Amino acid sequence: MKYRKLGGRDLKVSEISLGSWLTYGVGVERTNAQRCVDRAFDLGINFIDTANVYGRGAAESFLGEVLAKRKRDSYVLATKVFFPMSASDKGLSRAQIAKQIDASLTRLKTDYVDLYQCHRYDPETPLEETMQALSDVVRQGKARAIGFSEWSPDQIRAAFAIDGVERFVSSQPQYSLLWRRPEKEVIPLCRERGVSQIVWSPLGQGVLTGKYLPGAPLPADSRAKSDSMGGYMQRLTESKVLQAVQALKPLAQEAGCTLTQFALAWVLREANVASAIVGASRPEQLDENAAASGRTIDPALFAKAEQIVAPAA
């Protein structure tokens, strides 16, 4: 496993990180979920990403229990705040950030998180209030650094224009061969500001593994077939997308790797990406994912891949 620095901080994160959206505490049976976390550590994955809203606290509670046996300095832990935890608990106001960080720390059974992220931008709260509240969290020792997910370039610029507050070190966008929107503005802007990307859905919700075949029934044990996990995948399982993904397989074979590893290596080719967040319901999936770290692939193969998926992406 290779490691990259997160922003300008002394946080080094594994190129492949373990996420918990739609999986731990919700969609994956507990024993198997624990096996996945244990396997991640065996493989050198030190970066674990979650959010308070995942399972309305269930993912954080699960991670708090399984991580309690490990030394706190052996992993980098990130969580997020914004989405509703109840009818009245939502957003990025000072009161909510103060309340939700304490609730997250309780569930995670730790005194601090390494990275506290705004899960989205809050248009109903003044940005200055949000940034001051996040800065308080860092200065109180409850988080080592702060980040954001899916903010627009204008919102990012506005945050950096505020004096006397902590600076963001990370951006968490959706980014993959099938979703390249961050390349236009977000990645260049973040590069200038010393902000790293920690990418969610680098495998297009598993579509870039190649396991979904055009015209074929969805695999029974797949995320797309799952009642709890499949509701976000309609666009990605369209026939034109699946056909394009199948056309990538010969390129992966030429590169000497699986399609999964090829897709993850494509994301990691971008120097501004610090880590690609993967979800896993079985430990062996992490074995394959982790093997993408440090893999060198001919850029010409990546260029061909981009041409193949462009009409479908």
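1. Helix axes here are lines fitted to C-alpha atoms over the stretch in contact, and angles run from 0 to 180 degrees between N-to-C directions. Helices are DSSP runs (H or I, at least four residues), numbered from the N terminus.

2. The model is predicted: local features need pLDDT of at least 70, side-chain atom pairs count only at pLDDT 80 or more, and totals for chains, interfaces and linings use all residues. Residues are numbered from 1 along each chain as its sequence is written, and side-chain values use heavy atoms, with hydrogens and water left out.

3. Helix H9 (residues 259-268) packs against helix H11 (residues 299-309) at an angle of about 100 degrees, the axes being 11 Å apart. H9 is therefore roughly perpendicular to H11 (65 to 115 degrees). In contact (heavy atoms within 4.5 Å) are Phe262, Ala265 and Trp266 of H9 with Leu301, Phe302, Ala305 and Glu306 of H11. By class, six of these residues are nonpolar, none polar and one charged (nonpolar: Ala, Val, Leu, Ile, Met, Phe, Trp, Tyr, Cys and Pro; charged: Asp, Glu, Lys and Arg; polar: the others, Gly among them).

4. Helix H3 (residues 94-108) and helix H4 (residues 127-139) have axes that come within 8 Å and cross at roughly 30 degrees. H3 is therefore roughly parallel to H4 (angles under 35 degrees). On the H3 side the contact is made by Arg94, Ile97 and Ile101; the H4 residues include Glu129, Ala133 and Val137. The contact of H3 with H4 has five nonpolar, two polar and three charged residues.

Note on methods. Helix = DSSP H or I, 4+ residues; strand = E, 2+ residues; numbered from the N terminus. Parallel < 35°, antiparallel > 145°, perpendicular 65-115°, else oblique.
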